[in-house]
Amino acid sequence: MRPSESSDRARGSSAEAVAETFDRWVREGMAAGMERRHRRLAERMLDRVSISSDGCLLDVGCGNGWLARLIAGRVPEAAVVGIDVSMEMVHQARLDCADLVNVMFAPGAAEEIPWAEEYFTHVISIESAYYWRDPAKAAREIFRVAKPGGTFHILINYYEENGFSAGWDAETGLALHRLNAADWVDLFAAAGFDDVSSDQIPDDSPISPGKTPEAMAHRQGLQDVGALYVTGRKSKAKRRADLQAQVDPGLFRILR
Ligand SMILES: C[S@@+](CC[C@H](N)C(=O)[O-])C[C@H]1O[C@@H](n2cnc3c(N)ncnc32)[C@H](O)[C@@H]1O
């Protein structure tokens, strides 16, 4: 059964369990390593994303906020909002980005984004989507908050085509969604996005020393296969259902 069916069986770990895990990551000093591991991929992804000075971005599962800082460095006039289910991550992000006036962080889940509809020009998410309890619901929420003409950009290393990440659910102790590229594309297309496509982005970051040769070879394998990048656009054209919702019901009867 696919997560796109939003069934209980298809759901991942609860938001509370995920938050508990990542709160602990912050307390145990593991959050800082995320930037080291994900930054190069994020840079390669951002090279493909055009962000203008009036851009307003949402980072879903923002962790300790390093991506918002990276974006603010590239496009200082753009605004970035980060949300995360882990309050400790949000707190850390607020501390680390206290000097940035156009960046803010709030607690919130991908499945219930605490924001007005049609607000963001870009919705970005790195290494978070496979933790979402209900990815189909999250995709619909991302569609809701995206502006017409806006885009989404998801990057994940945990997906079916990358065998090197297969054990991560056991390592984290969480129920993660192990989908393939076509599943992720279908899920965002079903949420309403157009031109949804995927690609694999190899990661050329240096491998941290201090690991066993086997662990280094495993990491290299993961990076060579690369991360799955899924992107798409919210059409500017109003859908017929949206248009019909605007029409006075009496008038609509006459027109038919
Ligand atoms: C592996 S970390 C990645 C953090 C950051 N994006 C990065 O690349 O360093 C995954 C993050 O996603 C958050 N997360 C997981 N499920 C979430 C959900 N349903 N809604 C919002 N955030 C979520 C976690 O709390 C965690 O901070």
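**A close look at helix α1**

Helix α1 has 13 residues, and its first and last C-alpha atoms are 18 Å apart, close to the 18 Å expected at 1.5 Å a residue. The expected span is 1.5 Å times one less than the number of residues. Helices (H or I, at least four residues) and strands (E, at least two) are DSSP runs, numbered from the N terminus.

A word on the source. Residues are numbered from 1 along each chain as its sequence is written. This is a predicted model: local features need pLDDT of at least 70, side-chain atom pairs count only at pLDDT 80 or more, and totals for chains, interfaces and linings use all residues.

Now look at the sides of the helix. Val18, Ala19, Phe22, Trp25 and Val26 of α1 are buried. Seen down the axis of α1, its buried residues fall within an arc of 115 degrees, so they line one face of the helix. The arc is that of the directions from the helix axis to the C-beta atoms. Glu16 and Arg27 are exposed, on the other side of α1. A residue is buried if 20 or more other C-beta atoms lie within 10 Å of its own, exposed if 12 or fewer, and partly exposed in between; C-beta atoms are placed from the backbone.

What lies over the buried face? The cover of the buried residues of α1 includes α4 (87–96). Just after α1 comes Gly29, with a positive phi of about 75 degrees.

Of the 24 residues around the ligand, Phe22, Met34, Gly61, Gly63 and Ser128 come nearest. A residue is near a molecule if its C-beta atom, placed from the backbone, lies within 6 Å of it. The shell holds 15 nonpolar, five polar and four charged residues. Here Ala, Val, Leu, Ile, Met, Phe, Trp, Tyr, Cys and Pro count as nonpolar, Asp, Glu, Lys and Arg as charged, and the others, Gly among them, as polar.

Next, step back to the chain. It has ten helices and seven strands. Buried residues make up 38% of its 256 residues. Of the contacts with a separation of 6 or more, 72% join residues 24 or more positions apart. Two residues are in contact if their C-beta atoms, placed from the backbone, lie within 7 Å.

The largest nonpolar core has 65 residues, and Val123, Ile142, Ile156 and Phe188 touch the most other members. Helix α5 (residues 135–145) gives this core its largest share, six residues. Such a core is a set of buried Ala, Val, Leu, Ile, Met, Phe, Trp, Tyr and Cys residues joined through C-beta atoms within 7 Å.

Finally, compare another helix. The 13 residues of α8 (residues 213–225) should span 18 Å at 1.5 Å a residue, and its end C-alpha atoms are 18 Å apart, which agrees. Gly226 follows α8, and its phi is positive, near 95 degrees.
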